[in-house]
Amino acid sequence: MFHTPYGFEFLDVPEEKRIYMVEVGGPHTWRTIYMDGRPHPKNLDPSFFGHSVGHWEGDVLVVDTSASTNDSG
C-alpha cells in the first residue's frame, strides 16, 4: 500500500463519517474508508484499492478491505 517514499495523510471527516487516506508523490492516489457502519457491497466492482470500512477501537483505527466480489467482507 505504501509504495512511494513520499508518505501519506489521513483526513478524518466526521460529519461525512469517512476517513480519506491521501498518498502524496507518485500517482496521487487516495482511498476512502467508510466509517458509517456500512457492510462491503455484495457485488463489488474490482478496483486497485478495493472497498474499505473502518471503526475505532480506542485510539486504533481498524480498517477491513475487501478486494473482490469473492470476499465475504
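**The sheet and its surroundings**

Guide: Five strands make up an open sheet of mixed pairing, in the order β1-β2-β3-β4-β5. The edge positions are taken by β1 (8–13) and β5 (60–66); each has a single partner strand, so one side of each is left without a neighbour in the sheet. Direction ignored, neighbouring strands of this sheet are turned by 30° against each other on average. The model is predicted, and these values are computed from it.

Within the sheet, β3 and β4 run parallel and are joined by two bridges. Isoleucine 33 stands opposite serine 52, which belongs to β4.

The loop between β3 (30–34) and β4 (51–57) contains glycine 50. Along the chain, glycine 50 and threonine 32 are 18 residues apart, and their C-alpha atoms are separated by 9.5 Å. With its neighbours within four places in sequence left aside, glycine 50 is in contact with Thr65, Ser66 and Ala67.

There is also a charged pair to describe. The structure holds one salt bridge. Aspartate 36 forms a salt bridge with arginine 38, and the closest N and O atoms are 2.7 Å apart. Buried would require under 20% relative accessible area, and exposed over 50%. Aspartate 36 has 36% relative accessibility and therefore counts as partly exposed. Arginine 38, with a relative accessible area of 32%, is likewise partly exposed.

Technical notes. Residues are numbered from 1 along each chain as its sequence is written. This is a predicted model: local features need pLDDT of at least 70, side-chain atom pairs count only at pLDDT 80 or more; totals for chains, interfaces and linings use all residues. Side-chain values use heavy atoms; hydrogens and water are left out. Helices (H or I, at least four residues) and strands (E, at least two) are DSSP runs, numbered from the N terminus. Contact means heavy atoms within 4.5 Å. A salt bridge is a side-chain nitrogen of Lys or Arg within 4 Å of a carboxyl oxygen of Asp or Glu. Buried means under 20% relative accessible area, exposed over 50%, partly exposed in between (1.4 Å probe, protein chains only). Two strands pair if DSSP finds at least two bridges between them. Axes are lines fitted to C-alpha atoms, for helices over the stretch in contact, and angles run from 0 to 180 degrees between N-to-C directions.
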